[in-house]
Every structure is written in C-alpha cells, then in structure tokens.
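This briefing sets out selected local features of one protein chain, grouped by topic. The sequence and the structure follow.

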Amino acid sequence: MRVSKRASGALAVGAAFALIASGCSSGNNDDGDGSGASSDGAIVVDGTQPENPLVPANTTETGGGKIIDWVWSGLVEYPNNGGAPQNLLAESIDTSDSKVFKIKIKPNTKFHDGTTVKAESFVKAWNWAAYGPNGAQNASFFSDIQGFEDVYTEDPDGPDGPKKAPEPKAKEMSGLKVVDDTTFEVTLAAPTAVFPTKLGYSAFMPLPDAFFATTPAEFGKKPIGNGPVSLVSWQDDVEIKLTRFDDYSLRDKMKIKDVTVKMYQDDTAAYNDLLAGNLDFQQQVPVSSLAGDKWKTDLGERAIQTTVPSNGIIAFPIYDKKFQNAKLRKAISLSIDRQAITDKIFFGNRKPADSWANPLTPGSTPGDCTSCKFDPAQAKQLLQEAGGFQGKLTLSYNADASHKEWMEAVAQQIKTNLGIDAVAVGVPTFAVFRANINAYKMDGMYRAGWQQDYPDVENWINPLYVTGGSSNDGKYSNPQVDALAKEASSAPSLEEAHKKFAEATKLIDQDVPAIPVYFSGEQSGHSEKIKKLELTNVGELDITSVEL
C-alpha cells in the first residue's frame, strides 16, 4: 500500500519523527569548498519493483510510490520533522467556506521536458484520474470534488479479472475550473475540512501535455515529472536510475547528482551490500539483524531508529465466500498474540496494534480495535458460532522482505489456538504479490500494510474501508460505514469529522474486514559515504537532504 510525504496548509501534522543522521564523510567527494560535501556525487539505495508504470494517480504501493515522491513535486509538502504542512508548488490555497478553494501556483516551474507547469496541468491530471474508464487506482481520492459522480462509474473488476468500466455521464468534473495559467478553482460537493490536507498526496500531482499524447503505460516507463530528479532508465527487477533536474526551482533541491534504486529479491542481500559499502541506504534492515541489536553493532552511528505512522496488517479477501462471516474473521483476529509477535519476532522493535489507525495520526482513537485483543477462549466460541473453517487457510506474503518469520508465527498461532490448518506462503516479489491482490486472485488471507498518505484519520478509513476505496482490496462493503464516512468527509471542521470517523470505526471494528497486527518502528542504515541525511515524516529517505 501507499506512502507519501506531501500535504498542505496550516493544519497540524501527526507527531511522526524524522531523524537527521550524521556519519563519517569518505573524504573522496570534496568539491573543493572545504565542506567535504559534493554536488556531483551518486548514491545507491534499496527499493522494490513498482507494480505499475509510474503514473501518480495509478500508484498505490510503496515500490512505485517512493519513486513518484522523488520525481514529482506537489502543491504542498509535509516537513520531515513532523511540523505543520507547508505550501510547495502552491503559492496560496484560499477558501472562505471549505467548499470553494482558489489555488494559485508558483509561476515558471518546469516539467522535466522543459514545458511549464500550469494550472491546467493539475486540472487535466485530476480529470483524467477521476474519469472511470481510465481505471486509475486512486480515482476515489477525487470524490470530494463536485461532479465526480458524473465522471466516475463503479469499477467492475472482480475475481474473473479486469473489466472496462461503463461510460460515465461526463468526461470532466464540473468542480474544476482553470482561471488563468497560474490559478485554478476547486469546488467541492460539500464543505470538506480535510481537503487541503490531501493535496500533497501523489494522486494530486500535475501531468505534462506529453502524458496525454501517449498511453499511460508508455509514459509511465519513462515518466516526465516536475520534481528534483528525473528518471533516466528503468530496468525491470534490477534498478531505476534517477538524476538531478537542474532546472528545478523549488526549495528542496538536490545536493547530489545521481541516485540508483537497486531492487533486491531479499533484504538480507541488501543488508550485506550495505555493510560492504555497495549500498548507501537501506530503509528497513532485515528482522534477523534486530536480534540483540546486532544492526546497531554492525552500523554504529550509521544506524537510524525512528517511529513512523504505519501499521502491519493481515487482510481478508471478502469477495471470497469463505471469509464473509464476520464471526470467523473476528475469531481469527482474537487468536493472534500480538505481544508475543512483537517481542519474539521483532525483538521489541514493533508495538502490538490496538487501534485501526496508527496512534501518530491526527484523529485516531487509541484502543478502538476490540478485535485486536488476545482471547483464545472467545476466539474458539466465535469460530464455533461461525460454523468452523474447512480446509487449509493460506496466509500469503511477499518473500522479498522480512515477512516470513512473523507471518509464519501468525499462522502457527491460528493453528494452535483455533485448530485451523493455517500455513504461511511466500510470493517471490512484491510486484507479483500486489498484482495478484489487485486482480482479486487471493483465495486466502494476505499480508498488507498501510502508511498514511496524509496526516488525518480520514486516510485510514476512506481508502481502506469505504466501498470502492482505492485500497479496499478485499472489497469490504458496509452501507452504514459509507454513510458515516461521507458525513465525516463533508464535516465543516476537523473535530466534527474525527467524531464521525470514530463512529464509522466502531462499525468497522464489529465487521473486522482486516486484522491490525503491529504498529511499525523503522530501523534504517546508511553507508560511510553519506555525511548527512534526513528521513521524511513517513520514514522514506529524503534524497534532497543527502550530503556526501
């Protein structure tokens, strides 16, 4: 699932912590200014194969999302230190009623092909994303805008594979209007207090004219963004090469020149490269290195520990009849000893989940996941009331990261506490794993995760649990949840919105459409080559901060 660093306005951001790491300069990259830093250096960082070609509104997972966050710059951004969001490409975002927003962008900023970013670059991009037949995975993020229901029709994809959406009433949303080259107006269907907070998510990025002159698939293999780096080449399952965009004029300019994102099939191999100096940054060291704080011994001052607004989750394919009984789903959740998993598998570097939204998120309610407690007796009773479970229960995960140990532990707990023949099954790569999920081919439970795209509890409800949500991969649907979420989204204040989302969460908690397992901590490391770096508020490397 998706993570982004962008947002807007004068709203409070959750207290995620971004750290500044200082290591030793290698001394081999001095550009002569005496600082020991180089403006022409290069680094190699770890990554995963993006699921789809890189189109912002069609990217909902972290492998592609990380690249998009580097290649594009949005209207607003989240500061790394977790402070209040700030305008980035936006010069101003004004509203008097939280329904009509006048957005003015900074003049003469450029796309990587040299064309100018204009107001219509946003309006055309948003209309393309919202238009149902285009099949953009992030289309639902535009549902606040007036006229969305006229351009979007329900995605008919299902277990039999992708299907073309029916033709909508209109091709453009009535709530978008270009005023001039640097100004556009957004009219929402109802006042929405959280709308400015969303505007930094990658779905809301601008697109150049070149996008509309080709196919999304062709464009996405060599995308043209407007961010601090441009994409040079992409070799599937091997690497993506990025280079500094020298005409970038916003504040977060690159201090180095080139970045190679190397794709590993195994995070232990990446860690070994990090220790050998062949990799300059690994976002999450392997679980095996956490035992006895071995990673800290290995890396010394180059070890970075931080807290991020992210949850580890196990999801249900509710479109499969086997999982349509809420009592069964709750029984499985209650059979999991989250404390034992965080202690024994993660050596205390994760925390047992007890809420549906990460506690770092504004508007979250600690302890609102009653199905997150460990209660084997109640679990057995609920399983009996549900009529039991026949056959093998598979729990799938992507095997190119450290998920094997904790997924096998969960499977064993389900087997021990419920007598279900549960087994964890690895899928070789994250890209293949996500492709299966998006094709609705999962016939068992599967590993999921969520890092917030913008700092509000709305981001933990609408995409995941509202009917048709962009990341509602299990096709969970509850009309009462939908109605409450709609009321929350159109509330005139964040306080009132959060109250309604809390009501919706109570119903989600009864239905148990997924199983929150742990709140993430992040253990990263960098090479001796790097003198200084910062992590974003969601734990990604801020490549514009890197000094060698």
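Two strands are taken to pair if DSSP finds at least two bridges between them. The model described here is predicted.

**Strand pairing**

- Strand E9, residues 229-235, and strand E10, residues 239-244, run antiparallel and are joined by six bridges.
- Within this pairing, Ser230 has Thr243 of E10 as its bridge partner.
- Three residues lie between the strands in the hairpin of E9 and E10, where Asp237 adopts a positive phi near 60 degrees.
- E10 is also joined to strand E11, residues 258-263, through five bridges, and these two strands run antiparallel.
- For Lys241, the bridge partner in E11 is Thr260.

**Packing of H14 and H15**

- Helix H14 spans residues 458-465 and helix H15 spans residues 479-489; the two pack at an angle of about 140 degrees, and their axes are 11 Å apart.
- Angles over 145 degrees would count as roughly antiparallel and those from 65 to 115 as roughly perpendicular; H14 and H15 are therefore oblique to each other.
- The crossing of H14 and H15 is left-handed.
- On the H14 side, the residues that meet H15 are Glu458, Ile461, Asn462 and Tyr465; on the H15 side, their counterparts are Val481, Asp482, Ala485 and Ser489.
- Classified by residue type, this contact of H14 with H15 comprises four nonpolar, two polar and two charged residues.

**Thr109, in a loop**

- Thr109 is located in the loop between strand E6 (100-105) and helix H2 (119-130).
- Thr109 counts as buried because its relative accessibility is 5%, and the cut-off for burial is under 20%.
- When neighbours within four places in sequence are left aside, Thr109 is in contact with Leu89, Thr115, Thr116, Val117, Ser249 and Leu250.

**Ser288, in a loop**

- Ser288 belongs to the loop between strand E12 (281-282) and helix H8 (294-299).
- With a relative accessible area of 49%, Ser288 is partly exposed; a residue counts as exposed when the value is over 50%.
- Ser288 and Asp267 are 21 residues apart along the chain, and a distance of 10.0 Å separates their C-alpha atoms.

Notes:
Residues are numbered from 1 along each chain as its sequence is written. This is a predicted model: local features need pLDDT of at least 70, side-chain atom pairs count only at pLDDT 80 or more; totals for chains, interfaces and linings use all residues. Side-chain values use heavy atoms; hydrogens and water are left out. Axes are lines fitted to C-alpha atoms, for helices over the stretch in contact, and angles run from 0 to 180 degrees between N-to-C directions. Helices (H or I, at least four residues) and strands (E, at least two) are DSSP runs, numbered from the N terminus. Angles under 35 degrees count as roughly parallel, over 145 as roughly antiparallel, 65 to 115 as roughly perpendicular and the rest as oblique. A crossing is left-handed if the near helix is turned anticlockwise from the far one by less than a right angle, and right-handed if clockwise. Contact means heavy atoms within 4.5 Å. Ala, Val, Leu, Ile, Met, Phe, Trp, Tyr, Cys and Pro count as nonpolar, Asp, Glu, Lys and Arg as charged, and the others, Gly among them, as polar. Buried means under 20% relative accessible area, exposed over 50%, partly exposed in between (1.4 Å probe, protein chains only).
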